[in-house]
Amino acid sequence: MTSRKLPNILITGTPGVGKSTLCAEIAKRTGFEWLEVGKIAKEHECYEGYDNVYECPVLDEDKLLDELETRVAPGGKILDYHSCEFFPERWFDAVYVLRTDTKYLFDRLKARGYSGKKFDDNIQCEIFQTILDEARESYKPEIVFELQSNTDDDTGANICTIVDWIEKWKKDNGNH
């Protein structure tokens, strides 16, 4: 049991699985603060270089964690990021890994302009459930949940699942 009055939740998964869409709606329905980790990293320049192959900055995890620590501590946060293993286990009461069938993911990544190695590696990451495995290795099994995110109906069901989980957590922890 935690001393937080509200839980913290991590929503993770391969780029294009629907993390942002899900987080925005959960934040709207619950009043939780949505922390878009990628945007925070950019805003606070939490980078240690640039990867020319993937055409993106290289994250300075320690700097980012220092930036997030006090924001996460009180609870009531939803963190959204495509990786999960570097976040401290103590931060989260639930970790939701979104999974998408590659026939949907293919189109989503193409629409984002992904190509070459970046495109191929993200598709393979989903095929081999890399993010799910990272979550299972990094956090207690009882807090890691896999959710399918192929359709709008899936998104609606996932929103309800997570909002219901939050309400149960609040009840179980004396915060009605």
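This is a predicted model: local features need pLDDT of at least 70, side-chain atom pairs count only at pLDDT 80 or more; totals for chains, interfaces and linings use all residues.
The crossing of helix 4 and helix 5 is right-handed. On the side of helix 4, the contact involves Thr 102, Leu 105, Phe 106, Leu 109 and Lys 110. These residues meet Phe 119, Asn 122, Ile 123, Glu 126 and Ile 127 in helix 5. Sorted by class, the contact of helix 4 with helix 5 comprises six nonpolar, two polar and two charged residues.

The second pair is formed by helix 1, residues 19–30, and helix 7, residues 152–172. Their axes come within 10 Å and cross at roughly 45°. At this angle helix 1 is oblique to helix 7. Helix 1 passes helix 7 in a right-handed crossing. Helix 1 contributes Thr 21, Leu 22, Glu 25, Ile 26, Arg 29 and Thr 30 to the contact. From helix 7, the contact includes Thr 155, Asn 158, Ile 159, Cys 160, Ile 162, Val 163 and Ile 166. By class, the contact of helix 1 with helix 7 has seven nonpolar, four polar and two charged residues.

Glu 25 and Arg 29 of helix 1, which take part in the contact with helix 7, also form a salt bridge with each other, with the closest N and O atoms 2.8 Å apart. The two residues are separated by about one helical turn, because they lie four residues apart in helix 1.

A search of the whole structure finds 13 salt bridges, as computed from the model. One of these pairs is Lys 39 with Glu 36, whose side chains meet at an N to O distance of 3.4 Å. Lys 39 counts as exposed, at 55% relative accessibility, whereas Glu 36 is partly exposed, with a relative accessible area of 22%.

A further salt bridge joins Arg 99 to Glu 146, with the closest N and O atoms 3.2 Å apart. Arg 99 lies in strand 6 (residues 94–99) and Glu 146 in strand 7 (residues 144–148), so this pair ties together parts that are 47 residues apart in sequence. Arg 99 counts as buried, with a relative accessibility of 11%. Glu 146, by contrast, is partly exposed, and its relative accessible area is 37%. Salt bridges that share partners join Arg 99, Glu 126, Arg 136 and Glu 146 into one network.

Asp 62 is located in helix 3, which covers residues 61–72. With a relative accessibility of 57%, Asp 62 counts as exposed. Asp 62 and Asn 52 are 10 residues apart in sequence, and their C-alpha atoms are 22 Å apart in space.

Definitions and conventions: Residues are numbered from 1 along each chain as its sequence is written. Side-chain values use heavy atoms; hydrogens and water are left out. A crossing is left-handed if the near helix is turned anticlockwise from the far one by less than a right angle, and right-handed if clockwise. Contact means heavy atoms within 4.5 Å. Ala, Val, Leu, Ile, Met, Phe, Trp, Tyr, Cys and Pro count as nonpolar, Asp, Glu, Lys and Arg as charged, and the others, Gly among them, as polar. A salt bridge is a side-chain nitrogen of Lys or Arg within 4 Å of a carboxyl oxygen of Asp or Glu. Buried means under 20% relative accessible area, exposed over 50%, partly exposed in between (1.4 Å probe, protein chains only). Axes are lines fitted to C-alpha atoms, for helices over the stretch in contact, and angles run from 0 to 180 degrees between N-to-C directions. Angles under 35 degrees count as roughly parallel, over 145 as roughly antiparallel, 65 to 115 as roughly perpendicular and the rest as oblique.
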